[in-house]
Amino acid sequence: MTIERIPQKHYPKAEIWRRGLALGLDFLGAWLVSSLFGSSSLGIQFVQILVFIFCWLILRVVLVFNNRGQSLGRWAFDLKILEVENGQVVGRIPELLALVKREAIIGFGALLVSIALGNLRANPTAILLLLPLAIDCGAAFSDPQLRQALHDRYARTFIVSSRRGYSLDIKIKRLVDTLQRNVRR
């Protein structure tokens, strides 16, 4: 009797630019809702921060856990989050605790970006608050095999392309092509 190795199912890697756009769309949703609770005074707005954290957890943890690994941004750009075990991608959605760990890390970076955007006019050095998110997400460039950012490595997750979604990037590309053809005529 011999032991045969079962080949691992192939999951297509998500392009980094699509991941960035999906993150941006999720950030924009949480930021717009939280900005409704901000005041016109400068500085850190604690109510706005709490609302941002609440919206981020709803969009990036609860929605993902209940929607087969897709947040609003990942759904719009045909992406999905899966679990990684022993360096191999398994075809299941991460557990709730793994999602909370992952989103706590990236959510902290997104929160700093939110604070920076609110204080950029009064304090241009607030742009430095973008560095933690840039370092975290920039780690995906140094991982050619799985393209995992630091938060993905810590939570043992992986972003893959999915067939289920809205395909916003493809629809925008078609619209731009149509506009270019109409302009040339």
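A salt bridge is counted here when a side-chain nitrogen of Lys or Arg lies within 4 Å of a carboxyl oxygen of Asp or Glu. The model is predicted, and it holds 11 salt bridges. Three of them are listed below.

| Pair | Closest N and O atoms |
|---|---|
| Arg60 and Asp26 | 2.7 Å |
| Glu83 and Arg92 | 3.1 Å |
| Arg153 and Asp143 | 3.9 Å |

Arg60 in helix H2 and Asp26 in helix H1 (residues 16-35) are 34 residues apart, and their pair links distant parts of the chain. Arg60 is buried at 3% relative accessibility, and Asp26 is buried at 0%. Both belong to a network of salt bridges that also includes Arg19, Arg74, Arg102, Glu103 and Asp152.

In the second pair, Glu83 is buried at 13%, whereas Arg92 is partly exposed at 38%. In the third, Arg153 is partly exposed at 35% and Asp143 is buried at 13%.

Helix H2 (residues 46-66) also packs against helix H4 (residues 96-119): their axes come within 9 Å and cross at roughly 145°, in a right-handed crossing. The residues of this contact divide into 14 nonpolar, 2 polar and 3 charged. Among those on the H2 side are Phe52, Trp56 and Arg60; the H4 side includes Arg102, Glu103 and Ile106.

The disulfide count is 0. The sulfurs of Cys137 and Cys55 are 20 Å apart, too far for a bond. Cys55 is buried at 15% relative accessibility, and Cys137 is partly exposed at 24%.

Notes. Residues are numbered from 1 along each chain as its sequence is written. This is a predicted model: local features need pLDDT of at least 70, side-chain atom pairs count only at pLDDT 80 or more; totals for chains, interfaces and linings use all residues. Side-chain values use heavy atoms; hydrogens and water are left out. Axes are lines fitted to C-alpha atoms, for helices over the stretch in contact, and angles run from 0 to 180 degrees between N-to-C directions. Helices (H or I, at least four residues) and strands (E, at least two) are DSSP runs, numbered from the N terminus. A crossing is left-handed if the near helix is turned anticlockwise from the far one by less than a right angle, and right-handed if clockwise. Contact means heavy atoms within 4.5 Å. Ala, Val, Leu, Ile, Met, Phe, Trp, Tyr, Cys and Pro count as nonpolar, Asp, Glu, Lys and Arg as charged, and the others, Gly among them, as polar. A disulfide is a pair of cysteine sulfur atoms within 2.5 Å. Buried means under 20% relative accessible area, exposed over 50%, partly exposed in between (1.4 Å probe, protein chains only).
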